[in-house]
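Please examine the sequence and the model before reading the solutions.

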Amino acid sequence: HRRCKIMKKDWRYQVAKIKDHFWVNKVGTYGVASAQLYWGRAAAAIVRLLYYLFPVVDWFFIFVDDLIAIYDKVLEATLAVPIMATLIALGVPMAWHKTTLGENNKWVGFDCRLNIPDFITAEDKRLLIDTVLEDWEMGRPSKKKVIHETVARTQWATAACPNAKPFLQPIWKWLMAVRGDGN
C-alpha cells in the first residue's frame, strides 16, 4: 500500500475529511476503499509480466500482497533468483521472513506441500479453531467475540476445501442468534 500512485484525474475518489481538513491521498492508502482497486490492478500486471518473463512457471498466485510461484523443482536453481530479482527491480517489497524455497511452504495461513500435492490449513491456525470447537462440543460457554472470531476463522479455513462450506451453517446460525440477527 502507498506504493501505487493514483492518476491525478482519480484523486477526487481519494479524499478524506478529518475534522475541518480535507486530505487527498495521491497513492493507494490502506483503509481507503479504492486502494484495493489500484493495488489489484498493479498486482495483476505484475503476475502477467512474471508469466511472460518466466513461461515455464506453472502457477503464480497472489493473495492481497502475498505471492507464490509454483514450478518444477528441477528449475529451482535457475528460476528462484531471477524471479526475486525481477520483483525487486519492479519495486515490489519483499518480506524476507516469509520468503521460502522448497516443496513445503506456508502461504497465507496454509501449508502447501507441493510434493504430495497437499494444501491444508497451517497447524497454528487449525489449533486456534480446534480449541474453540472442542470447547463448544463440551458445552463450555463462549463470549460473543470468540464465537465471531471462530466463525470467521472456520469460514477462512474452508478456502482449502470449498465443499466443506455448507457444513458451517449451524455455527453461522448460532452466530446470528447470539448477535440478535437470527432466530
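Predicted model: local features only at pLDDT ≥ 70, side-chain atom pairs only at ≥ 80, totals over all residues.

**Exercise 1.** Determine how helix 4 and helix 5 are oriented to each other, and which residues make the contact.

Solution. 
Step 1. Helix 4 covers residues 144-157 and helix 5 covers residues 169-179; their axes come within 10 Å and cross at roughly 150 degrees.
Step 2. Angles over 145 degrees count as roughly antiparallel, so helix 4 is roughly antiparallel to helix 5.
Step 3. Helix 4 contributes Lys144, Ile147, His148, Val151, Thr154 and Gln155 to the contact, while helix 5 contributes Ile171, Trp172, Trp174, Leu175 and Val178.
Step 4. Sorted by class, this contact between helix 4 and helix 5 has 7 nonpolar, 3 polar and 1 charged residues.
Step 5. The crossing of helix 4 past helix 5 is left-handed.

**Exercise 2.** Describe the packing of helix 3 and helix 4 by angle, handedness and contact residues.

Solution. 
Step 1. Helix 3 spans residues 123-137 and packs with helix 4 at an angle of about 130 degrees, the axes being 10 Å apart.
Step 2. Helix 3 passes helix 4 in a left-handed crossing.
Step 3. On helix 3 the contact involves Lys125, Leu128, Ile129, Val132, Leu133 and Trp136; on helix 4 it involves Val146, Ile147, Thr150, Arg153, Thr154, Trp156 and Ala157.
Step 4. The class count for the contact of helix 3 with helix 4 is 9 nonpolar, 2 polar and 2 charged residues.

**Exercise 3.** Characterise the largest pocket by its volume and lining.

Solution. 
Step 1. The volume of the largest pocket is about 1,300 Å³.
Step 2. Its lining comprises 45 residues, of which Asp66, Leu67, Ile68, Leu87 and Met94 lie nearest the centre of the pocket.
Step 3. At least two lining residues come from each of helix 1 (35-53), strand 4 (66-70), helix 2 (76-89) and strand 5 (104-107).
Step 4. The lining of the largest pocket divides into 25 nonpolar, 10 polar and 10 charged residues.

Conventions: Residues numbered from 1 in each chain as written. Heavy atoms only, no water. 1 Å grid on protein atoms, 1.4 Å probe; cavity = no way out; pocket = protein on both sides within 12 Å on 5 of 7 lines; lining within 4 Å. Points joined across faces, edges and corners; volume = space filled by probe spheres on them. Helix = DSSP H or I, 4+ residues; strand = E, 2+ residues; numbered from the N terminus. Nonpolar A, V, L, I, M, F, W, Y, C, P; charged D, E, K, R; others polar. Axes fitted to C-alpha atoms, helices over the stretch in contact; angles between N-to-C directions. Parallel < 35°, antiparallel > 145°, perpendicular 65-115°, else oblique. Left-handed = near helix turned anticlockwise from the far one by under 90°. Contact = heavy atoms within 4.5 Å.
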